[in-house]
Amino acid sequence: MRFFDKTIGIKTNKSIEILNITSQIFQSVQESKISEGITLVYSPHTTTALIINENEPGLVKDMEGAIKCLVPWNKSYAHNVIDHNAPSHVVGAFLGNSLNLIVSKGTLELGTWQSVFLVELDGPRSRKVRIRIIGK
Ligand code: ZN
């Protein structure tokens with residue numbers, strides 16, 4: 001059993017933004033030389049999320065729009081006395097901040113229409129995504 005670690009840096013451009021990071025995950029699997037195992041993709045931030053879905057530009061735009069409807073963004077939140085981003089934390093908690101992906105035959109086992117996205121919920125900022133690949 002071996003493991004491989006990598007941290008990727010991502011600059012986000014908007015307050016709410018869905019960024020395709022699939023190629024960086026595939027590249028990490030190639031660099032790891034692990035052919036059978038698990039890839040953990042993890043965001044160490046409290047106002048981001050990680051999701052898997054289809055990389056169709058209209059759908060990505062729809063998802064960004066839907067995020068704005070998941071919670072009221074202009075309501076009074078207790079956390080807003082700290083840094084005015086309570087809805088970003090709430091949506092991040094709802095969507096989740098890690099993904100487990102299968103590595104098989106030296107590559108990621110994603111569905112035909114599946115891509116991996118970092119969801120920025122309080123940008124623009126510099127973000128990190130941690131990748132750990134465990135296997136043989
Ligand atoms: Zn906050």
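## Reading the cores, sheet and zinc site

Modeller: Leaving aside residues up to four places away in sequence, I25 touches T39, V41, L101, L108, V116 and I131, where contact means heavy atoms within 4.5 Å. This is a predicted model, so local features need pLDDT of at least 70 and side-chain atom pairs count only at pLDDT 80 or more, whereas totals for chains, interfaces and linings use all residues. Residues are numbered from 1 along each chain as its sequence is written, and side-chain values use heavy atoms, with hydrogens and water left out.

Colleague: How many residues has the largest nonpolar core, and which have the most contacts inside it?

Modeller: In soluble globular proteins, nonpolar side chains tend to be buried together. A nonpolar core is a set of buried Ala, Val, Leu, Ile, Met, Phe, Trp, Tyr and Cys residues joined through side-chain atoms within 4.5 Å; buried means under 20% relative accessible area, exposed over 50%, and partly exposed in between, with a 1.4 Å probe and protein chains only. Here the largest such core has 20 residues, and I21, I25 and V41 have the most contacts inside it. Two or more residues of this core come from each of β1 (2–11), α1 (22–32), β5 (98–104), β7 (115–120) and β8 (126–135), these elements being DSSP runs numbered from the N terminus, with helices (H or I) of at least four residues and strands (E) of at least two. A second, separate core has 14 residues, V60, Y77, A86 and V91 among them.

Colleague: In what order do the five strands of the open sheet stand?

Modeller: Two strands count as paired if DSSP finds at least two bridges between them. On that basis the order is β1-β8-β3-β5-β6, with antiparallel pairing. β1 and β6 (107–108) stand at the edges with a single partner strand each, so one side of each has no neighbour in the sheet. β8 is joined to β1 by 10 bridges, one of the pairings being I10 with R127, and to β3 (residues 37–42) by six bridges.

Colleague: Which residues of β8 lie on its covered face, and which on the uncovered one?

Modeller: R127, V129, I131, I133 and G135 form the covered face of β8, while S126, K128, R130, R132 and I134 form the uncovered one. I131, on the covered face, is also among the residues that I25 touches.

Colleague: Which residues of helix α4 are buried, and what covers them?

Modeller: An α-helix has 3.6 residues a turn, so residues three or four places apart point the same way. In α4 (residues 86–95), A86, P87, S88, V91 and G92 are buried, and their cover includes β4 (48–53), α2 and α3 (80–83). Helix α2 spans residues 57–70 and contains G65, which is partly exposed at a relative accessible area of 32%.

Colleague: What are the protein donors of the zinc ion?

Modeller: Donors are N, O and S atoms within 2.8 Å of the metal (3.2 Å for Na, K and Ca), and sites may look incomplete because water is not among the atoms. For this zinc ion they are NE2 of H79, two OD atoms of D83, OD1 of N85 and NE2 of H89, lying 2.0 to 2.7 Å from it, and the donor residues follow the spacing H-x3-D-x1-N-x3-H. H79 is partly exposed at 29% relative accessibility, whereas N85 is buried at 4%.

Colleague: Where are H84 and K105 found, and which peptide bond is cis?

Modeller: Most residues other than glycine have a negative phi, and most peptide bonds are trans. H84, however, has a positive phi near 55°; H84 lies in the loop between α3 and α4 and is exposed at 66% relative accessibility. K105 likewise has a positive phi of about 55°, is found in the loop between β5 and β6, and is exposed with a relative accessible area of 74%. The bond from G123 to P124 is cis, with omega near -5°, and P124 belongs to the loop between β7 and β8.

Colleague: Over the ring of which residue does the charged end of K75 sit?

Modeller: A charge sits over a ring if NZ of Lys or CZ of Arg is within 6 Å of the ring centre and within 35 degrees of the ring normal. The charged end of K75 sits over the ring of Y77, at 4.3 Å from its centre.
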